[in-house]
Every structure is written in C-alpha cells, then in structure tokens.
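Reader: Hi! Could you walk me through this one with me?
Author: Happy to, let's have a look together.

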Amino acid sequence: MSEHIIHFIYLASAACFILSLKWLSAVPTARRGIVVGVLGMLLAVGGTLLSPTIEHYHFIAAAFVIGTIIGVPMALMPMTAVPQRTALSHAFGALAATLVGAAEYSLRVPNLDRFTMGALTLEVILGALTVTASLMAAGKLQEVLPTRPMVFRNQNYVNLSVLGVALLLGVLLVVNPGLWPLFPIMVLLCLVFGVLLIMPIGGADMPTVIALLNSYAGLSASMMGFVLDNKLLIIAGALDGSSGLILSIIMCKAMNRSFTNVLFGAFGQLQMTAAAVEQKSYRSASPEEAADLLRTADSVLIVPGYGMAVAQAQHKVRELFDILTRQGTNVHFAIHPVAGRMPGHMNVLLAEADIPYDKLLEMEDANPEFPQADVALVIGANDVTNPGARHDKSSPIYGMPILDVDKARTVMVIKRSMNPGFAGIDNELYYLEKTLMLFGDAKGFVSELVKSLNET
Amino acid sequence: MESNILSNLYVFLLATFVGLEVIRRVSPLLHTPLMSLTNAISAIAVVGSILIAGEAKTGLSTFLGTVAVAASMVNVVGGYLITYRMVKMFKKREPKKS
C-alpha cells in the first residue's frame, strides 16, 4: 500500500519540477516557479523517507544538517561569484551520483543485468569526470588556478587515451560485472580525465563549459534513475541534462564555435601574435567632454562586459543610468549572450545593481537599435564589439555574432589602456573616426562622468 | 524487468523533449537562475542517496550514501535559496529614491 502512495507522491513531484521550469521562463512567474520547485523537492524527499526499506534515520538526519550548513553559505555568495558557486554545485551533484553508483555496485555485484550495469557505468563515468572538471572550472573562475589555457605536447592524444581506457574498462564491466577491481580504476581514470579536460580551456570559454558540466551532472542523475528503477530521478535528471545542453548550444553559437573546438581548441593561446605591429591613430576624450556628449544625447546604449563587473562598477553605472534617465535620455543596456562568466550572468549583475530588467536588451533586440543610438558606451567589453568578426577572415573571432556598436553615431569605450584584451585580439572599433577612447578604470571613469553630469 | 527498462527509456525520451521545449522558452535574462534551479532539481539524486544511506546494508554503502545525501542536500538548500535571491532582484521599475 505504502509503496503505491510513494509512487503517486513521486508523480506529483515530477509534475512540480516541470511546472517549476515552465514558470521560470519569464520574470513575472519566476518566483512561483521556485516555490513549486521547492514543493516538488519536499514531496520527493518526504516520499522517500516514508519508504519501508529505510531502517536507520540518524545518518540521514546528520547528512541533512551537514548539507544545510554547507549549502546556505554557498547561496549567500556575492553575485560576481555565482559562476564559481555554480561550478562547485555541479561538483556536489556529480559527487552524489558517483557515490550512489559506487554504493549500488558494491551492494549488487555480481547480480547486475547488462542494461543496469550499462546505466550504472555511464552514471559513474559522467559523474566522476564532472566532479573534478567542475572543481577545476571553479578554481579557474575563482582564479585560484591560472585562467590561461594550460597546454602540453600531445595533450589531446593523452586526454583521449585516458578517456578511451576508462570507456574500455566500462565496456568490460558491462560484459562481466564481476570484474570488480576494474571499477575503482575506471573511477580514478575519469577523475583524472576531468582535470585534463579543463586544463586547456581558457577563461573566455567558461560559460560553455559550465553549461556542459550542468548537462553531464543531470545525465548522471538520470542514469541513476535507470539503475534504481525510479522514474522521478530519470525525469529530473533529463530536465537538467536538456537544460545544460540548450545553454551550451546557445553559448557555442554566440561564439561561433563548436563543442570540439571549445574542448580541444585551447582558445586564447595561439593568438599571441604581435598585435601592436602598426601604430594606428585613435581619439581619446576626458570625462568632461564625454559628459557633454551624453548630455545632448537622446538615446544611449550601454554595452557592459565582464570588465565592468571586475571593477565593481555596476552601482556607479546605475547612478549614470539614473541621471541620464532623469534628463530624459532613453537608456538601454545591450547584452551579448557571453557577457560575463556564465550564461545570463550580466543580467543578474545589473539586476543586482537595481537596473530595471526591461531596460536590458538581448543581442537580437539591441542590434537594430544601434543605428538610431546617439551614443554607444562600452564598459569593460571588448571582443563582442569587434567589427572585425564580421569581415576579417584572418581574425580568430571571425564569424562570431557581435553587437553592432560601430553603427551608433558616437562610440565611447572605457578602457584602461590600448593593450589588447584577454584573447589578445586587436579591436578595430577603437580606431574608427567616430570612436572616443575614455582611458581609466571603469568604476573611476563612470564616477567622473556622473560627477560632471551632476555639475550642470 | 524487460518492460520496466523499456518504459523507463520512454520516460527518459519524453522528459528530454519536454525539457528541451520548456527550457528553449526561458528568457536569456534568466539563464543564470535557470542553471541554479536545474541544479537544485537535479539534486533529486538525494532520493537515491537517502535510500542507500537508510537501508544501511553494509558499512561501505552506508558511508557512501550518507556522504551523497550531504552533497545533494548542499544543492537542494543552496540551489533554491540562491535562485530565489537572484529572481527577487529582477524588478521592473526601480524603487523611487529621492
């Protein structure tokens, strides 16, 4: 009897999860989405605790307490640290899946049919490589590890051989689940592969990588559902897996790159060619001159990049937004899909600074607005504004969709110096007739702008 | 068992398509909260972890299960909480300050 009730509770829980994601699709219903998501989880956990096979509750209770003690501080991190936090939470999720897989194997070996063993092997392979890969990604995002790609000779061959051997062991285990000594070796190899996978990936590719790891963690949970014959796990894991997949495809498209290229391309490494061969001329302006132009502008598009977040300039930018809006200027923000360090990161940073979300434009909506804009103000963004991506076939970012900043009447770029950015690619936007370079730290310069605008 | 496997595969297939359709519609504005929410949802691994920890069949499985419960709980608690914090920040009109 009780078994049946639990199944119905799981069914309700699965419905809650689907509704939760559906309601998260737009801001007005998003909070409802979270509430129903929490409800789904409470149902799932509650239903599981009712299960007649559970005999000991003290370990579970202790684990709940420990998890909460770690989870709460992780939820209170500043918004700039959300990418690291997300990577860490992928590691926790994948760790849980790997451990459950290992425990199931230890309990049931050698009485595992081939299908179950196949699912278990996939669960553990995906889980284990996601654990270390996510930790590596978190380390790079936190800048504990160098953000530059770490490369060595024959790297791709070494990486693929490690993965290949792990997969081979997995196949052997499926054929004969009783070969238990192979199991820990397979796990170990996957842990090593996770590290190797992320080593050559540079900071600029982190949004794609995080999304991909999200997908792996979800698939691993879904495989656990096959092993435990639990449809709720299969559904929730599949939802997470497809979400990660969609986000990584969006990120790849936004950079005009393929998965293989992201994972094996070592972006940002080969472009260290002499960027400043020729001295081209550019114009620069003082905060006062820039403020004069902003005062007379009817419409302004601000293009924020990660540089803005690094300089902690969001709140100053909000002040600038307030002043311009008060004087009647139409101000919007043009946000490239890869702005920030994870999908949608820039929106969260601006929302945190109290900028109304209806002023944030996606790339497709922003680009038609640039030709009508009096001023495009670029703060801490670089490659996503480079017109070279449209026509310069030799440029490493050729073909990448960009914001059409160069079509605005006047372009202003706040930048520390003329040094090329992270990827080391020269930006021809800076040498246009209509471009004014505003040299300085993002936060400092925006403060100066605010001060000059307030004086009149 | 055979029919169970097959129906599980159907569930997986359908859930993946539902996921793709639902998530395709999520506004890019909310992609970061989306990721933390799906992260919390995939902490459903907690279900499997609880079963293993609670059955307490062997010392090894109990230990692995308990650690897994703790790891999933981090995501359950942390995932929903940070998603709520983020979503709360998205406002249409800013509060009027003098």
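Reader: What is the mean pLDDT of chain A?
Author: Chain A has a mean pLDDT of 89, and 95% of its residues reach 70 or more; pLDDT is the predictor's confidence in each residue, from 0 to 100. This is a predicted model, where local features need pLDDT of at least 70 and side-chain atom pairs count only at pLDDT 80 or more, while totals for chains, interfaces and linings use all residues. Residues are numbered from 1 along each chain as its sequence is written, chains are lettered from A and ligands numbered from 1 in the order in which they are written, and side-chain values use heavy atoms, leaving out hydrogens and water.

Reader: Where does pLDDT stay under 50 in chain A?
Author: Over residues 267–277. For that stretch the model has 15 contacts (heavy atoms within 4.5 Å) beyond four places in sequence.

Reader: Switching to charges, how many salt bridges are there over all chains?
Author: The count is 15, taking a salt bridge as a side-chain nitrogen of Lys or Arg within 4 Å of a carboxyl oxygen of Asp or Glu. One of them pairs Asp205(A) with Arg257(A), at 2.6 Å from N to O.

Reader: Which parts of the chain does the Asp205(A) and Arg257(A) pair tie together?
Author: Asp205(A) is in the loop between helices H7 (182–198) and H8 (206–228) of chain A, and Arg257(A) is in the loop between helices H9 (231–254) and H10 (259–264), so the pair ties together parts 52 residues apart in sequence. Helices here are DSSP runs (H or I, at least four residues), as are strands (E, at least two), numbered from the N terminus.

Reader: Are those two buried or exposed?
Author: Both Asp205(A) and Arg257(A) are buried. Buried means under 20% relative accessible area, exposed over 50%, and partly exposed in between (1.4 Å probe, protein chains only).

Reader: And what do Glu104(A) and Arg108(A) do?
Author: Their side chains form a salt bridge, 2.6 Å from N to O. Both sit in helix H4 (residues 82–108) of chain A, four residues apart, about one turn of the helix. Glu104(A) is buried at 7% relative accessible area, whereas Arg108(A) is partly exposed at 29%.

Reader: Nice! What about Asn4(B), which side chain does its side chain contact?
Author: That of Asp229(A), in a polar contact at 2.8 Å. A polar contact is a pair of N or O atoms within 3.5 Å; within protein, one must be able to donate a hydrogen and the other to accept it, and residues adjacent in sequence count only if both atoms are side-chain atoms. Asn4(B) belongs to helix H1 (residues 2–24) of chain B and is partly exposed, at 28%.
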